[in-house]
Amino acid sequence: MEEACTTVDLARAERAMREFLTAVGVNLAARGMEETPTRVAQLYGELFAGLRADTSKLWADVLTEKTDGLIAVRAIPVYSICEHHLLPFFGTVHIVYRPHAGRVAGFGVFTRLVECMARRPQLQERLTADIASEIEQGLGAEGVLVVLDAQQLCMTMRGARAHGTRTTTSACRGIFREDKAMELQAWKMLGEWDDGRENISLS
């Protein structure tokens with residue numbers, strides 16, 4: 001998604017970053033700081049590239065297989081920016097889904113989906129729900145469970161400075177929300193989360 005950075009007004013972003021850093025007392029004439037506004041403008045163009053991405057293209061090559069079992073894709077790395085303080089949060093995403101009529105996607109599609117949804121100002125709860133809804137709608141899955149376990153730097157670098165704290169959110173869609181037995185089976189696919197699901201933020 002690096003090409004999406006070309007749609008950003010980098011010159012304007014650089015001017016704004018230069019003004020911002022000066023306003024908070026940073027000496028941009030100091031050694032090593034001269035190009036910092038340019039680098040930061042380019043960085044945020046990349047970090048927010050998901051704002052300009054079309055997720056529907058991810059489902060262009062859906063496969064049809066003879067399967068009606070659950071499919072799990074675990075430990076997908078995720079990096080995003082909290083919209084409240086523009087500090088990163090990062091962790092792993094775990095996905096379980098039940099295909100409809102054998103419609104499945106290549107495993108790489110899910111890593112690209114997570115990256116696409118994460119590359120924008122986000123909240124962890126919303127990101128979890130967005131991923132689940134996109135799989136339900138884009139792939140047409142009968143059931144979807146998404147669990148996101150992350151570390152929020154806004155909790156460790158500021159405020160409570162709760163070092164080592166992790167937050168876990170989940171989202172259920174379709175048959176997993178309607179059928180408790182199916183939901184339990186989906187949780188069991190994720191192993192370590194099975195016994196602690198009562199304490200996880202659900203959406």
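Biologist: What should I know about the numbering and the model before we start?
Modeller: Residues are numbered from 1 along each chain as its sequence is written, and side-chain values use heavy atoms, leaving out hydrogens and water. This is a predicted model: local features need pLDDT of at least 70, side-chain atom pairs count only at pLDDT 80 or more, and totals for chains, interfaces and linings use all residues.

Biologist: How many helices and strands does the protein chain have?
Modeller: Helices (H or I, at least four residues) and strands (E, at least two) are DSSP runs, numbered from the N terminus. By that rule, the protein chain comes to 7 helices and 8 strands.

Biologist: What percentage of the residues in the protein chain is buried?
Modeller: Buried means under 20% relative accessible area, exposed over 50%, and partly exposed in between (1.4 Å probe, protein chains only). The protein chain has 203 residues, and the buried share is 43%.

Biologist: What share of the contacts in the protein chain with a separation of 6 or more joins residues 24 or more positions apart?
Modeller: Contact means heavy atoms within 4.5 Å. Among contacts with a separation of 6 or more, residues 24 or more positions apart account for 69%.

Biologist: Which residues does UniProt list for "binding site"?
Modeller: The UniProt entry is unreviewed. Its positions are given in the numbering used here, feature names are shortened, and annotations may be inferred rather than shown by experiment.

Biologist: Is C82 buried or exposed?
Modeller: C82 lies in strand β2, residues 71-82. Its contacts beyond four places in sequence include L87, F89 and C154. Its relative accessibility is 6%, so C82 counts as buried.

Biologist: Which residues does C154 contact, leaving aside neighbours within four places in sequence?
Modeller: C154 lies in helix α5. At 13% relative accessibility, C154 counts as buried. Its contacts are C82, H85 and L87.

Biologist: Is the aromatic pair of Y79 and F90 stacked or edge-to-face?
Modeller: Rings of Phe, Tyr and Trp (its six-membered ring) pair if their centres lie within 6.5 Å; planes under 30 degrees apart count as stacked, over 60 as edge-to-face and the rest as tilted. By this rule there are 4 aromatic pairs. Y79 and F90 are 6.5 Å apart centre to centre, with 20° between the planes. That pair is stacked.

Biologist: Which parts does that pair tie together?
Modeller: Y79 is exposed at 61% relative accessible area, whereas F90 is partly exposed at 30%. The two are 11 residues apart in sequence, so the pair ties together strand β2 and strand β3.

Biologist: What angle lies between the planes of Y97 and F110?
Modeller: Y97 is buried at 0% relative accessibility, and F110 is buried at 0% too. Their pair is tilted, at 5.3 Å centre to centre, and the angle is 35°.

Biologist: Which residues do ring pairs link into a cluster with Y97?
Modeller: Y97 sits in strand β3 and F110 in helix α3, 13 residues apart. The ring pairs link Y97 with W59 and F110.

Biologist: Which side chain makes a polar contact with the side chain of D149?
Modeller: A polar contact is a pair of N or O atoms within 3.5 Å; within protein, one must be able to donate a hydrogen and the other to accept it, and residues adjacent in sequence count only if both atoms are side-chain atoms. D149 lies in strand β6 and is buried at 10% relative accessibility. At 2.8 Å, its partner is R166.
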